[in-house]
Structures are given as structure tokens and as C-alpha cells.
Amino acid sequence: MKINNMRRSPSIKSLRILLIIILTGFILTNCGENPIKRMIIFTQISPDEISFDSLTGGNWRYPGKSRIVAVDRANPGKIYKILTDDFYSARAPEMSFDGTRMLFSGRRSEDSPWQIYELTLWKNKIRQVISKTENCTDPAYLPDDRIVFSSMPADEDSLSGHVLYTCGLDGCCLQRITFHPHSEFAPAMLEDGRLVVTSWQIYPATGSPMYLSYRPDGTKEELYYRSIHTGWLPGKIRETGDGQIVFVETENSSMKNGKLVSLYRGRPLSSRKELSGNIEGSFYSIFPGPDGKYIVSYSPPGENLFGIYEFDPNRGKLDQKIFEDPVFYSIDPVIAIPRQMPRNLPSEVIGEKTTGLLMCMNSDLSDTPAANDEKARFIRVTGMNGIISEIPVEKDGSFYVELTADSPIRLMTLNADGEILGGPCSWIYMRPNERRGCIGCHEDPELAPVNIVADAIKKMPVEVVIPASRHAGEGSKGHSQIDE
Amino acid sequence: MNMTKFKKIVIPGIILTTMLTAFFALDWWGRRHAEYMTGGVAHPSNCVSCHVYPQQTGILSDLLNEEYLSPLKVAVTPDGQKLIVTSQEGNELIIIDAGIQKVIARIQVGIRPHTAITDGKTVFVSNQWSNNVSVVDLEALKIIKTIQVGGGPAGLDITRDGKTLYVANTYTNDFSVVDIETGIERKRLRAGNQPVGVKISPDGAKAYISNRRTNLTTFRSPIETEVSIADIEFERIIERKIIVNAHLFENITFTPEGDLALVTLIKAKNLVPAAQLENGWMMNHGFGVIETGGQGRIAQFLLDEPESYYPDPYDIKVTPDGSRAFISSAGVDIISVISLDSIRKLLTHATPEMIANYEHNLGLSSNYVIKRIPVGQNPKGMDLSPDGKRLYVAERFADRISVIDAEKLIVIGSIDLGGPGRITMIRRGQRLFFNAGRTFQNQYSCSSCHPDGGDDGLTYDMAAGGMARNMTNTQTLRGIAGSSPFKWNGKNVSVYMQCGMRFSKFVTRTEAFDPENLDALVAFIFRNLTSPPNPYKDPAGKLTPAQERGKLVFERTRTNDGRVIPPKGQCVTCHTGPRFTNRQLEEVGSLSDTDSPMLFDTPELNYIYESPPYLHDGRANSLEEIWTVYGGEDKHGYINDLTKMQLNDMIEYLKSLGDPVDAERAENKP
């Protein structure tokens, strides 16, 4: 018996050890689970703090006092946790594609600039992603362990508002990707791999806001949406699982009269639909939930507070109120859930190159054709500081230019006497090694090109060097330079 | 240390060290090899995926692979009781009871059956790789007759009197007029380039034949593809309708009134620099509308939207009331439902300028596309029940037939054809090859430019090295295993490199294939993409007298006046071996002003007949033009002393290269 007991003891001991290991593993595994999983995370902001400024972002993008909190949808009405306790101010939460991490913009103290931070939800650990002298805001994840965000360029001379930057999640490889005199905020990823940002021209005059799309290297800039109601676009677009793009559009640069709007993904320029219909009050931001409903920031009529609500797009009605604070606005909600990883688009940018190629198939093709159907004979290239060059147009209306990269230009069509027929077009720029084509000037953006060989590409491109300095007329190579 | 200890410690130690060294050395070499073959992309050094899966024969190949059915076309009997399905890879005809939605019979037919057509008693099946049509008794469920037709029979239709069968012969560019009673081909008429679809007009007076490839046009000019129209009474071609800037007209049909003929098409933008994919700069997909009366106007409409594309339209069917058409978009697994009333409205009072705008307007489809119905992998042929209430769709790579309620426009059922349940690596690669999901906004699939794995006969401006420079004639992917390097300039040492990151950057403009999918895709290309039987070669492999004479010219070492031709000027120096290529880069005087300086990979010559135009930029419309128009300096072979007859003979010989129907294919091997 004794021998038997002695033999049994080690087995029992082993079993105990095994049990302890299993239990420890179980506890550790559960400790590691994201407690914020499926919770709604949003920004709380003092109502008197918000004022719009398209150039600097103003209190709209850099509020004096704000914080990011989490609310359990199953336990509405109560804050589960304040996620940015250590920050003087924080806003703009954006979830990683696996739903475990969160980027946000924040400032540690009243004196420090707004920088980009990342919070690992299950560890509750925050780390700074970038360190830049200028304020940075509106971060979003890119699919290749990089991020995109909005910031003022370091170059004070650049006549630009906020532009987009990308960098690695470790802050490396900081790159500016947009270069025109626009101010751009709220970048969001489409599943096809492109970025869509709120953008408006700031030079020579302030334009109305629109959504522009880019590839994440800043190439292939396209108009994505422009409100026919000259609406204000206060936040990010969001893509739903059923092929819709949703966002909020307000009537003017305020938080009032915000409407929920959807676009059909296949035809964003011509499919605007108002989702909030006759609901009075104002919407400010929107995020698609996993159950087909949307989480919205909404202020009922007559109230001066934005709370977090559920919105049913099928019925076009608000459902339950999830959270409302008597003191703070609750805006910019996101949900800590995994979502579709966007496509990781390859980049055509080659850093060593200094130019890009632009080809237009027919500059006479326009929604606003010239009087008497007069044909364009020259294209005037205008830079930030005046006219740079005038280049000839081929008989079929085509032209083909090699442009200095990362330098904004506008184009005008001229007749044989040098008189302006059309334009200027919106600001455009080419990234290094970018190749772009357009079928006309201010043409219907839903037209595909006709399958022909344009005369212009039968020759080498006309080289147009855009001066780097602010002084007009510098640096054009072999082509006419005319001071404005 | 005694001997025992030595044996116990040192010898195993030496063995272990040797094994570890060998393992790490092999691992190191494997990684370097994988990196080299895939162009430096981080690709796992998995020997099996590259060296076993692509094998076409052998025990391993048999174990790893399955024989799928791949339904291509479906036909409903006039009473609506049965569905007749052609199984393209199973080489059989599958009969389904439409009521219980079960397979009730399988009949082995010829190789690669394409289309089935039935009057309820008899089924005619075109066997595309057997060059014949099987006549099947639907009651007895057996073949009662086999009719020999031209090369690559595809589309079929029967005249209203039930006496004559029209057959489109894809590989011989003609169509057969067959007397059904005698089973004899009465006439063979010239069609366009690769005829594939046939439909007789509702009044029974005309047959419309759709063609896949463009007619030969001058270099760098818009493509022109033909719809050939034959008069039924006189059995002759009466008109060749040219649809400009469109090709791959897979199938054609009519409205019940017969006022419109509708044909699926692809609009390749091969003349436009591929500067971008945004805004449909590379390819659009849609359908053509031909007015059969009046001015005979031709309009093209797109299925695409500005940011969403519906590539590889294949079949088109019109409801009995003529209000709707269904089009299968094989590249995105979608059936688009078209309002023909809306199409008619757009055509009424449309000026030529408006019609010209329709074919480029990506926003217009929201006017006439009523619904997009998602179905299973690679929807191809379709047919409507006689009452128009059910639409049956052949889901080629799902081995199923989906059943759609044609009024509610929802999928209401799916008929399993009994294919293998397992999805093999090759099948996955096949699905990837024919699916556009790996292109920016689903704009095109591999097969959009390489239909059936071959080539589309077009030269593209890929904007490499600048716009309108380095034009690229699409090359076939059939039979390319073991023929590295790839690309005209031989830049890619493997297809893994060709279809990897470079492909993503310059062609698909979206995320590259992950290694697993890349392996599957390449394995499919290597194992399954083979050429159809060569119609220019005798089935027994015997050369004609002209081909025999041409062979002597091809292999000659002396000029007509007896001088020795230096090796560089002899055809067989570069075009040697079973593939007729030395796989080396050569200069043959074909470099043009728009090309960057480069040498060209010697192309193989098997099945060269099927891939005009020729040369790297497609400037030679025919084999003959390579030497008569572009061979003036004798750099591409010593040729200028040849007589016209000798050149003709040599071209006859070149066309004969590549096998006729071979035994392996006859045994259902892919």
C-alpha cells in the first residue's frame, strides 16, 4: 500500500501542477481579452469650445478641453471608462482594423502641441506615435502598419492649410502626401484602399468643402463628393457593409441642421440620399454598427447637447439613446469591433524622380464649352505665384506635359490669340513618377475615355518646371514664361 | 574515451551536425531560390506549391487534383421540364429534372462541350475541342449521331423549320450550315474573327453570329469586331456589322419582337495609356444593341458604374415579354438585370452624339440596371423557363446551377451537379484567374485580356517608360510552363514574378496576391492552360505537301543560290527544340522609335496560328507581314531571297506547329 501511495503521489502532484497551469492560462487569457470590445468610444467636448476654422482647424479640430470615453452599449447611460485620463485634451478616436487598438489626437498639457497617440485597449497602454512641432489631428490607420493624419506643413511659406501626412506606426518614414493649397481633415479609408478626406481650397479664395479621394501615396486625386447644397462636411465618411458611404452634412459651418447623408459606393458623385429625412434636430457624426444600425451623434431640436444614439437606416428613424451628458457634447463615435481590412494599394511614387506625367485627351471636351465652339490652342499653366508656362495644344485638343512633382498648378485653355477660353481648373499636382490622364477640362467626371491615340502622346511630353520659390516665373525650361 | 563511448556520443553528434548543416543550407538555398524566382518578394520556400501542384500528370497530380464539371451553358426544354447542361471539364451532358431540381442523367459527349440546344426530343451539343456536334436522343439518353463541323464549334441555333443547324466554328473563323436530317455540313461560311455565338432572329429570316476577336485593323487604330449576319433562305452572309472599340462578343440574342439584337461585349482601352485605372481607363464592360430595322443603329451601353465594375459579361437572355434582359458578369459573380424599356427610351430620339456618349458614360447604367443579383463562382450560360418565371444560371466554378425568380429577382434555389466537394489548389487558382476581385474596383480579371488563357489579340499602351512607349502585344498563357523567361523583354524569370508585385503595381493596381493565392494561380496557369487542338494540323500529325515544303524552308541552312546562311540568319538557331525557342534574348530588328532599348525573348512557335497580331508591339497583322512588311533587313531570319511560294509554304508550316486533338485531352485530362 505504501509503495502504491508513493507511486500515486507524483501523479497527483503532476495533476495539480497541470491544473494550476491551465487555470493560470485561463486567467491570463481572460485578462488579456479586450474589456472595451464592442463598446462605443467617442469624444466628449465642452459645448462652448467648438468653432470652425477651415485653415487652422480652430477649436473644431483642436478643442480647448475634450476627452475620449467608452460606453457599454448593453449598459447605456453610464461611462464605462475615461480612456484619456492623462491628457489635457484628446479627441478623434479611430479604431484599428482588428478592433484592438485606437489612434487618437491629444495634448498632454495645455502648452504641448496636439500629437498622435495609440492606445492598446486590452493593455490600457498609450504610446506616442509621432513627435512633430505642429499640431496633428484626425489619425486613421492604413492597411500596411502605417497611419495617415492631418497637420500643418512645417514650411510656413507654403500657402497651405492642413495637409495629409503618412508615417509608420512607429513614427518612422514621415511623408507629406498632399500638396495643393487646400486644407484637409478627417481622412478615412475606403475598402478599395483609397483615402477620402474633407478638403477645401484656401488660396486664392476659400472654396466650399468637398470630399476628395487619393491613393495613400497622394496620387490620383479625384473629386469624390461635392454637396449641391453648398453644405459643410464636418467629419469623416464611413463605409457600410452594404455598399453605402455615410456621413453628415450641415447647412453651414456650424453644428446645426446636420443631416445624415448616404452615397452609393459605385456612384458617389450622383447618388446622394438624405437618410435622416424629416428628423428634426441636428446630426454631427456617424459610425456604422455591426448590426446594420448606425451609431450617431445627435442633438434633438431645442436642446443644445449632442448625445449618442442608434439610428435605423431601414426605417429612417432614431432608436435608443445610448448616452447623453448634461455638460458635454458627445461626438465622433466609433465601435471597438474588427472591420474589413482595406486593400493595400501599391505605390507608383518613386522618391528619386522629380516629375510626373499628365496627359489630357481633349481639352475642348468640357461641361462648359467655349463660346462659338472655339477650340483651345494653348494651355496656360499657372502656379501659386503666377503664370509659369503656355504649352501648345494638338489639333485633337490633347496635350501631354511632364510637370515638376509635388507642386500645385492650375490650367487654363487659351485660343490662338491667347485669350482665355476656359478655366482655371482646380488645383492639381503630380507626385514623383505619377502618371495621370484626364479626358477633358471640367468634363463630366463619369465619362470613361474614348479608345483613341491622342496626338499629344505621339511626341515626347512638354516639360514644365514649376518654380520652387514663391516668385513667379522662375525655372521654366525651354518654354514661354509670362508674368501674370 | 573508449570505443563504445565514441560510438554513443561522437557518431550521433556528427550525424546530427551533418543533418542540421544540410537542413540550414537547404533552407538558406530554398529561401534564396524562392526570392529569386518571385522577384525578391517575401515568399515562403514551399517546394510543393511550385514543383508539385503544377504537374500535369503522375500519381501526385492525380492525388492532389479533382475532376470538376465546370458547367458552361444551360438550356431549358420547351416544356420547361428539363435542364440540359454542358459540363466543360467533365465532357458530359448533364440532364436535370427542373421540377425536383436533381440530376437525372449524364451522357458522355465530346471534348469540351460548349453549347447545348434542344427541341425537347433531341439535343445538339457542340464539342469545341472535338470539332463536332453530338446529337443526343433525350428519351433514350444516348448519342445517336456525330456531325463533323469546322474547328472549335461553339454557339448553335436551329432554323424555325427545324431543318437546319447553324454552328459557329471559333478556331476556323467560320460557321457551318448543317442539314439536320442527313447530319451533313451543307455549307461553311466565313464569319469574323473567332465566331462564338449564334442566334436566329425571331422571324426566322436571319442568323446573327457574334465574334470574339477584332478584325485585323491597321496598327494602333481602334478595334473593330464583327457581328456577321447570314440570310437563312439563301444561306449566305448578307452583312457584317462592325462594332467599333469593343470585342469579346460572347453571346447574342434578340428581343421577342426582333427589333433589337443584344450582344455582350468588352471595351478594352488598348490605345489609351494605362496611366490609371480610375474612371475606367483600362477596360469597360457592357452590351451592344443593334437595331435590326430602320437605320440599323448600333449603340453600346455599359454595365459598369464609375467606381464599381462588372467585368467579363458572358451570356444575355431576354424575358418572353421583352421587358428585361439578364446579363451574367462572370468576373464578379453577378447577374445584372436590365430594363429594356429604359434602353428603348434612351434610343428613341437619340442623336448620334448622344449614342456616342452612351458607350463611355459610366453613370448611365443607373438608368437601366434594375438590380444586381449575386450568384456563385463564375456565372456563365443562362436560360429562362418558357414562362419567363425562372432563370437558370450555370455557376462554372461552383459546379452548380442557381435558380433565380425572374420576377422577384432573387435567388430561390441551387442545383448541385455532383462535382467534387473538395476545392483543390488548382481550382482555387482557376477561380482567381477568372475573377476580377483582385483588380482595383474589380475592373477586370486575368481572363479579360487572356480569354480562355490565350490572348485577346490586342496591343496595350501600358505607359511603361512614359505614355505611348513600349507597346505590349498580349501574349498567350497557354502552355507556358517551362518556357521562362517571361514578358517580351524577358525581364521576369518566373510567372511568380510576372504575377507578383509588378503585376499589382502596373496591371491590377491593387493589393498583390498573397503567396498562397499566387502559388494557386501559377499552378493553375501551368497545369491547366493548354491550347485547343490545332485545326491546321492533320489529326494524325501528318504534314500537308505545302507544310512539308515550308518545313524545309524553315530548317534551311543555304540560300536559294547555294550560299551558306550564317547561324544568326537561320530560323532554327533561335526557334529550336520542341517549343521552337532557345529561350534567349535576341535582336531581330523589330525595335521601334517608341521602344526603350531592349532585346526580346524569343517566343515559342507552337500554336502560333492562334495569336495574331505578331511581334512585340503587334504591328504585324499576319505571319506573312513579319517578313514582307517588317523583315526588310534580314535581321529576323534570312528571308529576302525567298519566293512568294516559299514564304507561303513556310507560313503553312508555322501554322501547323502545335498538336491536333491529343490522346490526353481525349481522356478528359485538362
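This is a predicted model: local features need pLDDT of at least 70, side-chain atom pairs count only at pLDDT 80 or more; totals for chains, interfaces and linings use all residues.
Student: Let's start with helices α12 and α15 of chain B. At what angle do their axes cross?

Tutor: The axes of α12 (residues 545-554) and α15 (residues 644-655) of chain B cross at roughly 100° and come within 7 Å. The two helices are therefore roughly perpendicular to each other.

Student: Which residues of α12(B) and α15(B) make the contact?

Tutor: On α12(B), they include B:A546, B:R549, B:V553 and B:F554. On α15(B), B:M650, B:I651 and B:Y653 are among them.

Student: And how do the residues of that contact divide into nonpolar, polar and charged?

Tutor: The contact of α12(B) with α15(B) has 6 nonpolar, 3 polar and 4 charged residues.

Student: Switching to chain A. What is the strand order in the open sheet of 4 strands?

Tutor: The order is β31-β25-β28-β32, and the pairing is mixed. Neighbouring strands are turned by 25° against each other on average, direction ignored.

Student: Which strands stand at the edges?

Tutor: β31 (435-438) and β32 (462-464) of chain A do. Each has a single partner strand, so one side of each lacks a neighbour in the sheet.

Student: How does β28 pair with β32 in chain A, parallel or antiparallel?

Tutor: Strand β28 (residues 399-404) and β32 of chain A pair in the parallel sense, over 3 bridges. A:E402 has A:E463 in β32(A) as its bridge partner.

Student: Last topic. How many residues of chain B are in contact with chain A?

Tutor: 37 residues of chain B are in contact with 31 residues of chain A. Helix α10 (residues 501-508) of chain B gives the largest share of chain B's side, 3 residues. That side divides into 14 nonpolar, 15 polar and 8 charged residues.

How values were computed:
Residues are numbered from 1 along each chain as its sequence is written. Chains are lettered from A and ligands numbered from 1 in the order in which they are written. Axes are lines fitted to C-alpha atoms, for helices over the stretch in contact, and angles run from 0 to 180 degrees between N-to-C directions. Angles under 35 degrees count as roughly parallel, over 145 as roughly antiparallel, 65 to 115 as roughly perpendicular and the rest as oblique. Two residues are in contact if their C-beta atoms, placed from the backbone, lie within 7 Å. Ala, Val, Leu, Ile, Met, Phe, Trp, Tyr, Cys and Pro count as nonpolar, Asp, Glu, Lys and Arg as charged, and the others, Gly among them, as polar. Two strands pair if DSSP finds at least two bridges between them.
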